[in-house]
Structure formats: C-alpha cells, structure tokens
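Me: I'm new to this one and would like a quick tour. Could you walk me through it by question and answer?

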Amino acid sequence: MPQWNCGCENCREARRAGGSVVPRTQESVAVSADGAAWFLLNVSPEVRAQIESFPSLWPRDRRHSPLAGLLLTNGDLDHCLGLLSLRESYPLAVYATESVRSGFTSENVLYRTLDRFAGQVTWRTLALGQEQQLGDSPLTVTAVGTPGKLPLHLEGRRAPGPDDNVGLLIRDNRTGKSLAYFSGVAGPSTEQVQAVSAADLVFFDGTFWSSDELIAAGLGTRRAEEMAHWPVGGADGSLPFLSRLRGRRVLIHINNTNPILRADSAERRAVEAGGVEIAADGLELTL
Ligand SMILES: [Zn+2]
Ligand SMILES: [Zn+2]
C-alpha cells in the first residue's frame, strides 16, 4: 500500500504527506516463543525490507539468521515470492502443504537458486489437521483447511484440492496460548471457525470490504468471492463473525482499495466498533 500502478483514492492518500492512509508493506507475520528463534508466516516480496525493519530478525553472527522456519499458507506470489529473495546460501526450513510445495517447486526454473546445495531448503509437510512441532521450539503448528483457491499462475494447470489453501494454528506448549493466522479466506468452514474461535489472537483476511469493491472502483471485473476472499462488510461478511470472538482480532492482507485503510472512513469505524483491529507494519503483540 500504495500499489505501484494504482492511483485510486486510497493509494493517492497513502502517497500524500499527512494523508489519511498509512503506507504498508505486503502482509507477513513473525512469531517467536523466546525472541531468539523466529518463524515467518508467509514470505512476502518485501521480506528483505521487513527483516531490516525489525532488529530481532537481524543476524547475530557473520553468517546467521534468527529465521528458524518459513510457513506458507498457499501458493500466491505475495506469500511465496520472498523465498527467492532469501537465496543467499543459507539453510531454510519451509513448512507447506504438499500442494503448495509442488506448486512452487515444479517446473520453476527460478527455484534452482534455492537448490544449489544439499539442505539449502528442507521442506516440512503440513498435513491438514495434524499438529507438529516448529523446529525445536515450544511452538506447534496445525494447518487448518480453509476455503481458498489455487494461485492464479496454476489455474487450469492442475486440479484444485483441499490443501491449496490453509490457515495456521500456532500454539505455545508452555502457556497453552494460541494464535490463528488466516490470511486468505474465501468463506467460513467448520474447522476454520473452530480454530479461530478458540484462539487468543486471530489474524484474519481483510482483503476486501465488499464483494464488488474492484468493480465499483473501475479497477477490475472480479468479485471478492471469485478471488477467494470473504468480504469484511455486510450482513454476510466476516465482521459479524469476528465481532463475536473472545480473542484479540486483527485484520491483515488488506487490499489497497479497502476503505478500512482510511482513518476517517465509516467502514473503519464499523470495524473498530466490532472490537477488531487493523494491522500496520511494526505491530508487535505479546501473548
Ligand atoms: Zn489503489
Ligand atoms: Zn495474498
């Protein structure tokens, strides 16, 4: 935010000094149990700048990274492309479903840059509904099946499946506290509602406020649902659902056209009245 080729009202505000929209990088969350080992939830194309903006992610030796694992929720490029930016010969542990792994690696000549020596990338399979430990940390992750779709570049190339898109439930074994991370949600599902309802902290898909947001702005032809995003607003939107939850709730993955980005909008007031927050770069939360 702003989007490089967009001159919509929000993007213009984001470029204006003192405007009503705060610029943001593409969505990614870093999680740690001890402040030493960190896990990235999705790896955005802006990962390098995001690492540099947060000293806890800086190297502690001449060749070192506190990044102990990278977790992918689907194959969309805004969630995976940053992997290629981490190509400077350092071992990476990447957690993804089999569909997301093969979608990123097969027929992808650029992936060879992450496959230059044995152990450069260790893939750890996320199986739906199965809790597994994150590295040797006290954290566990469970991939939760959630409605979504294949990334654009794979549409028509393979059949869609249930592990194309997941949410993540991260739990701290010492405290029992949990975090639900659902950055791409096409609509509700039983597993997703269960995971989100029980979590102490929820990061949830806030891509669009309304179904016809892009169409109404003259910026696209597809409705939010066709792009596998559950709109926040309206009687059937995610906001009524999120408003009923007990944990702390933060909207993430917000498209540049979404009116909730404007500090003075009615939509922003509606979100805040529902007890839901809007993510911004640098937001730090402790459970
Ligand atoms: Zn825009
Ligand atoms: Zn995305």
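This is a predicted model: local features need pLDDT of at least 70, side-chain atom pairs count only at pLDDT 80 or more; totals for chains, interfaces and linings use all residues.

Me: Which strands stand at the edges of the open sheet?
Reply: Start with the order, which runs β6-β7-β8-β9-β10-β11-β12 with mixed pairing. The two at the edges each have a single partner strand, so one side of each is left without a neighbour in the sheet. From one strand to the next, the twist averages 25°. The edge strands are β6 (131-133) and β12.

Me: At about what angle does α6 run to β9?
Reply: Helix α6 lies across several strands, namely β7 (139-145), β8, β9 and β10. Taking β9 as the reference, the helix runs at about 140°.

Me: Which element gives the largest share of the largest nonpolar core?
Reply: That core has 30 residues, and Phe-182, Val-196, Phe-204, Leu-251 and Val-271 have the most contacts inside it. Elements giving two or more residues include α1 (9-15), β9 (178-182), α6 (190-198) and β10 (201-205). The largest share is 3 residues, and it comes from α8.

Me: What does Val-196 touch, leaving aside residues up to four places away in sequence?
Reply: Val-196 is among the residues with the most contacts inside the largest core. Nonpolar side chains tend to be buried together in soluble globular proteins. For Val-196, the list is Ala-180, Phe-182, Val-202, Phe-204, Phe-241 and Leu-245.

Me: Which helix gives the largest share of the lining of the second largest pocket?
Reply: About 430 Å³ of space lies in that pocket. Its lining has 17 residues, with Pro-59, His-64, Ser-65, Leu-86 and Glu-88 nearest the centre. The largest share, 3 residues, comes from the helix at residues 47-52, α2.

Me: How much space lies in the largest cavity?
Reply: The structure holds 2 cavities of 30 Å³ or more. Residues lining the largest include Asn-74, Asp-76, Lys-149, Met-227 and His-229. Its space is about 60 Å³.

Definitions and conventions. Residues are numbered from 1 along each chain as its sequence is written. Chains are lettered from A and ligands numbered from 1 in the order in which they are written. Side-chain values use heavy atoms; hydrogens and water are left out. A nonpolar core is a set of buried Ala, Val, Leu, Ile, Met, Phe, Trp, Tyr and Cys residues joined through side-chain atoms within 4.5 Å. Buried means under 20% relative accessible area, exposed over 50%, partly exposed in between (1.4 Å probe, protein chains only). Helices (H or I, at least four residues) and strands (E, at least two) are DSSP runs, numbered from the N terminus. Contact means heavy atoms within 4.5 Å. Two strands pair if DSSP finds at least two bridges between them. Axes are lines fitted to C-alpha atoms, for helices over the stretch in contact, and angles run from 0 to 180 degrees between N-to-C directions. On a 1 Å grid over the protein atoms alone, a cavity is a set of points where a 1.4 Å probe fits but cannot get out, and a pocket is an open set with protein on both sides within 12 Å along at least five of seven lines; lining residues have an atom within 4 Å of a point. Grid points are joined across faces, edges and corners, and a volume is the space filled by probe spheres set on the points.
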